[in-house]
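I set out to record what I looked up in this structure, entry by entry. The sequence and the structure come before the notes.

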Amino acid sequence: MQQQGRNDERNLRRDLGLIPATALVVGMVIGSGIFMKPGKVILAAGDSTLALAAWVIGGLITLAAGLTIAELGVQIPKTGGLYACLDEVYGKFWGYLFGWVQTVIYGPALVGALGLYFSSLLIPFFSSSEELKLPLAIGTILFLSAVNSLGTRYGGIIQSAATVAKLVPIALIVVFGLWKGNAQILSMPSGASDSAGMGAAVLATLWAYDGWIGVGFVAGEMKNPAQMLPRAIIIGLGTVMVAYLAINLALLHVLPAAEIVTQGKLAAGSAATWLFGDVGGKLINIGILISIFGALNGYILTCPRVSYAMALRGQLPASSLLSQTSRFGTPLNAIGMQFLLAVLFVTVGDPDRLTDLAMFIIWGFYILGFAAIFILRRKTSPEKRPYSVPAFPLVPVIAIVGSVYIVISTVMNNPTDAIVALGITAAGIPLYWLLNHMGKQQSKA
């Protein structure tokens, strides 16, 4: 049951506190990547020392990006995050394009992919048939969509619990790996005859760090966004950086770097089995399941806020419906739309490919977001800024350089995917013109 009321952000309850907001950052960033990326990073870097450096560099770029976006989010504390910022700084067209990618591809594809990953890892625990993978994925997405429809408080509780739970196996591997391991950590070769280079290694870590921007989507539902948003990003990303570096040190202390490369996605499980016996592999799988579950909950909680914010501005079909909030103060219809699109990707699409395409475009929009801070600085005096990014302009410049690198690397390494991504984004332009034309016609009537 829904209430018409005023279809604006005042209908959304401001009940998201610092702990769940921080858990949202950690939970959305730490998915399966922390267990699956170490081998790829070592292979690209060429040796263990450069691989560890790549994780640090990737973390610093991500932290710079988070601190920069935090200032934007505090100055424009609206639900929708970067979408709302781009809309206000650059105009409706650029905000719309970002929201279009987020609504149609990025959010649903990630939700669908994470749902499939979760069901694929859950089935072996119960020796179930592969035929259950699809219904289990859809059922998991439906369950978390229903929970988040009841309010950010409930989604925040799941996020906090999942974040704490997923850190347990990470902590066990780190503590026992550094204690019982005997392999040399630094200056160990990857075992490959050649490497892709430090740039590719950093790029691999940046994919693992992705998801941090999601907390900005719910800034309009925070109790005090001016204080909580930057704190959540700093604490959350700081925790992620420490966790990523620590687990890589532990893995390298248990397994030789070349073996981590050979094992690939199974390296963490092999290390856990060496440390804890056969039960170790299951422990890691449980940790990955919890990580994916938490990340899935995070995307379901945050991404519909973008389509809701777009609907408030009349930038989507059926905006009057999508801009309504439920009696629980949540964008129920926007959550429902994301669920349907995610199910579509799960059943007929390739979520991994769609996510890769969307990531190229998303980082392009990140550049616009980071550059926007220079525009807002000229318009806003220091005393009117509740939070200012430290070490300005160095921090935003680091964020911009890192984003430009991702975009250029994608174009050079996967030009076809880049062209397809641009094409999907451009497909939203005719709809923008049509909705604008219809809006003008209605205003004249």
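This is a predicted model: local features need pLDDT of at least 70, side-chain atom pairs count only at pLDDT 80 or more; totals for chains, interfaces and linings use all residues.

**Notebook entries**

A disulfide is a covalent bond joining the sulfur atoms of two cysteines. I applied the rule of cysteine sulfur atoms within 2.5 Å, and the count came to zero disulfides.

I located asparagine 248 in helix 10, which covers residues 225–254. Is asparagine 248 buried or exposed? I found a relative accessibility of 5%, so asparagine 248 counts as buried. I next asked which residues asparagine 248 is in contact with, leaving aside its neighbours within four places in sequence. They are Pro38, Leu52 and Trp55.

Two packed helices are described by the angle and the distance between their axes. I looked up both for helix 13 (residues 278–302) and helix 14 (residues 304–312): the axes come within 4 Å and cross at roughly 5°. Helix 13 is therefore roughly parallel to helix 14, since angles under 35 degrees count as such. On the side of helix 13, I listed Tyr299, Ile300, Leu301 and Thr302 as making the contact; on the side of helix 14, I listed Pro304, Arg305 and Val306.

How values were computed
Residues are numbered from 1 along each chain as its sequence is written. Side-chain values use heavy atoms; hydrogens and water are left out. Axes are lines fitted to C-alpha atoms, for helices over the stretch in contact, and angles run from 0 to 180 degrees between N-to-C directions. Helices (H or I, at least four residues) and strands (E, at least two) are DSSP runs, numbered from the N terminus. Angles under 35 degrees count as roughly parallel, over 145 as roughly antiparallel, 65 to 115 as roughly perpendicular and the rest as oblique. Contact means heavy atoms within 4.5 Å. Buried means under 20% relative accessible area, exposed over 50%, partly exposed in between (1.4 Å probe, protein chains only).
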